[in-house]
Amino acid sequence: MRSGDRQPARWATPTRLALWALSALVAAAVLLPTVYLFVRAAGADPQVWAGLLRTRTLEILGRTLLLAATVTAASIGVAVPLAWLTTRTDLPLRRAWSLILPLPLVVPSYVSAYLFVSAFGPRGLLQGLLEAPLGVTRLPEIYGLPGAVVILTLLSYPYVFLSTRAALLRMSPTLEESARSLGEGAWSTFWRVTLPLLRPALGAGGLLVALYALRDFGAVSLLRYDTFTRVLYVSYRSFDREGSALLALVLVVLTLVVLGFEAWLLRRVTQPTASATRPPRILPLGSWRWPAFLFTLAVAFLSLFLPAGLLLYWLIRGLNSGETLMALGGATWNSLLGSGLAAALAVAAALPVAILSVRYPGRLTRLIERLTYASFALPGIVIALALVFFGARQAPFLYQTLALLVFAYAVLYLPQAVGALRTALLQIPPSLDEAARSLGRRPIQAFWEVTVPLLRPGLLAGASLVFLTAMKDLPATLILAPLGFDTLATEVWSAVSEAFFARAAAPALLIVLMSSLPLAFFVGRE
Amino acid sequence: MKKNHAVLATTTLAALALVSACAPAAAPTAQIIRETVEVPVEVTAPPIVITAPPEQVAAEPGRLVVYSGRSESLVGPIIAQFAEATGVQVDVKYGSTAEIAATLLEEGANSPADVFFAQDPGGLGAVANAGLFAPLPEETLSLVPTGYRSPAGLWVGVSGRARVVVYNTEALAPADLPADVWDFTDPMWAGRIGWAPTNGSFQAMVTAMRVAWGEEKTREWLTAMQANAPKVFEGNTNIVEAVGAGEVEIGFVNHYYLYRFLKEQGEGFAARNYFLPGGGPGSLVMAAGAGQLETSANPDNAQRFIAFLLSTVAQQYFASQTYEYPLVEGVAVERGLPALAELNRLDVDMAALDDLAGTTRLLQETGVLP
């Protein structure tokens, strides 16, 4: 299992055992919802199994996979050029773009899709603007697959952008420069040198995008594209817990398929041995400078400026018609507290898993690392009900406490931390640790003094991602939060579900702002 | 140069954060309204007088845990009013009715909840059928008409929500609209209708069809409607908005959403309600209702709370603040709403509307639901 001449000098056995034990514990925690699903599905009667095999279900499975694949491809198509432009070229305002481009991730999908429909839908804002001067009464159809792909891509491309950008920043420029000096053009250097080196980052980011698309409910339902999650919600809403569990297990299988596919794509990735020692040379874009700028602006406009602008417009319209703002201090604090603790817990849990899988590569460690993704494609309601089942029955003292909610967030969003830490660790050559050891440091000490400081960007990235996804989380919060624990996301939901748009705007804007701060902080430090 | 951009972006973010951090603080009155719960405006109700028996006043008021499938903006004020008047410490869990009901089913006997306040009969039925409700006292049940309470006394209706057809006033006049929901199967309505098949109230209407028309006729209606290619929306709100914008001409919704749009966007909002006069399933008036959990740790407070929801004050609140129908006699409806007695409602027992699984299956078989 541990095959390898590439193995670094081993840590002391107790440390290694502790790593294994902690990782196994983390994997077990993440598998808890799946265990619940098996318990429930075992009670399903044969009729439910028959229902599962309806042709319609299979058709929806196909549609779901199609959506996930298209969104992933589109995200890579959007994000890789943006990451390259902001790290390697003289794109105008490139520092500012590095801060702005990851931000769409903080817009909850139920908000973004709603705003998208009200802007570009039939008889939406855009059509209203075009009607008077141009007589436009019909816009192209936005519902169905195209609309869902556009929205989900705009919301999730930052996963790929962040991972690719981090990889580009840490990649040693010498390889690209050697290629250039050997006569390759900029374009072919990108294809033949840069892109292959980016594969782990594309894998990590693309995986999160694909699973996000599998899990999303808000955007697909507003854009009327039937995916598996919708079938699952319909089933939950008719109180069919056994049938729902079976369907959710199908989603777990889909996740495994996606994970397997990613592993297959990355089957022969070499670990880079050199990391960036100096900033790469900046490539002048020349006449491409302004087209590149417009492309970047268009992505930022559609994914961030437009939703934020519409929210402001709602807020102002509401205030003008006499709506009073609700006090949001309590909800803001609750959101910060819950998401902050979740980020800390997720990073702490991800660390042993990431170390084990990177420093002791083998089938078993890889499996443990993959298992942490098991719950990521499950809609929040599944995780939440599973934890209600275990919490209320086995651990009543934990039930409806902040601790259980934070645990749920960590289980749901752990892969983002694992992915960020893994990518960062892969780029830190173990030889650094070994050098420190040869100078007399004990292994743990060497790790702490050498690897951890280099790992800091990864830690920050992972923590920020968990923080912001926990902040916009709705289903788990609604079901598992302590009594009276309102968050900004539940305030948005409460207002939107009753058509009080002006009231929804303020908490939605606060979510965007609150989660922008850590993101801006970690991107700004790179 | 590079540095400058970073600084610029960070200052903009900080400035935005500052603005929005100030915004809530600038509205201290809203805070007061939320906490002391004098309902802000348009209240026609007299001040609350809760006449509690002397022994209850003397005793420690205790706690109450309410699971509410109705949103905080709708019922928060009236729950707070109960807490204020009785001194009971009320903790509320908000969520959608279906999700809260699913939570109650998973919690089983270990539920911390005392009361389940649900939006629709389907949610109440699921919890009642799982044997999780305790019977309510007769004097509470008898406040509302039969048909709006569980025959076994397990839950009681609190307010009425009428199914209506919302229509675009620029495209249609009431005279253009048929009397019965069946008539929308006419091909003349093709492409003009909006509906929300995942919505609980829509599903309750389909359940009512199965009760009133039988399985076969309901299937025919659904199939014929599908042939008219109705636009699918996520919920009532989206439909009312789309009808107002002219995206579709009519939609099947609950009556009270329209009034919130009129309040936020003014009388110029181009949609109005049409109450189907035919008395069929399209004229269903559903109950939102409440029941007491059998495992309640505070059964006295649970019963007091449910009785409070049926008090004149609370019924008046639902009429004037949420534009719903009071179910207790003698409470007036909001201006502009036809009185409940004037409506030709579908005569159906709410308790008969609990077979959501059957309705979901039918909706899936006809391809309405995925």
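## Salt bridges between the chains

B:E234 and A:R230 are both buried (under 20% relative accessible area; exposed means over 50%, partly exposed in between, with a 1.4 Å probe and protein chains only). The two residues form a salt bridge, with the closest N and O atoms 3.8 Å apart. A salt bridge here is a side-chain nitrogen of Lys or Arg within 4 Å of a carboxyl oxygen of Asp or Glu. B:E234 sits in the loop between β7 (231–232) and α10 of chain B, and A:R230 in helix α12 of chain A, so the pair joins two chains. Helices (H or I, at least four residues) and strands (E, at least two) are DSSP runs, numbered from the N terminus.

A:R224 and B:E247 pair in a salt bridge as well, at 3.6 Å, N to O. This pair also crosses between chains. A:R224 is in the loop between α11 (218–222) and α12 (228–237) of chain A. B:E247 is in the loop between α10 (236–245) and β8 (250–254) of chain B. Both A:R224 and B:E247 are buried.

## Basis of the model

The model is predicted: local features need pLDDT of at least 70, side-chain atom pairs count only at pLDDT 80 or more, and totals for chains, interfaces and linings use all residues. Residues are numbered from 1 along each chain as its sequence is written, chains are lettered from A and ligands numbered from 1 in the order in which they are written, and side-chain values use heavy atoms, with hydrogens and water left out.

## The interface as a whole

Chain B places 65 residues in contact with 66 residues of chain A (contact means heavy atoms within 4.5 Å). Together the chains bury about 6,000 Å², 58% of it on carbon and sulfur atoms. Buried area is the accessible area (1.4 Å probe) that two parts lose on being put together, summed over both. B:E106, B:E264 and B:P370 supply 14% of what chain B buries against chain A, more than any other three residues.

Four salt bridges are counted between chain B and chain A. Helix α1 (residues 2–25) of chain B gives the largest share of the side that touches chain A, 11 residues.

## Salt bridges within chain A

Over all chains, the whole structure holds 21 salt bridges. A:D90 and A:R289 form a salt bridge at 3.6 Å, N to O. The pair links distant parts of the chain, 199 residues apart. A:D90 is in the loop between α3 (55–88) and α4 (94–100), and A:R289 is in helix α14. A:D90 is partly exposed, at 23% relative accessibility. A:R289 is partly exposed too, at 28%.

## Surface patch and a buried glycine

A:L294, A:L297, A:F301, A:L302 and A:F305 form a nonpolar surface patch with about 410 Å² of accessible area together. Patch residues have over 30% relative accessible area and no salt bridge; like charges are joined within 9 Å, nonpolar side chains (Val, Leu, Ile, Met, Phe, Trp, Tyr) within 5 Å. Accessible areas come from the Shrake-Rupley method with a 1.4 Å probe; for residues, only the protein chains shown count as cover. A:F301 lies in helix α14 (residues 289–320) of chain A. Its relative accessible area is 40%, so A:F301 counts as partly exposed.

A:G391 belongs to helix α17 (residues 380–394) of chain A. At 4% relative accessibility, A:G391 is buried. Leaving out residues up to four places away in sequence, A:G391 touches A:P396 and A:Y399.
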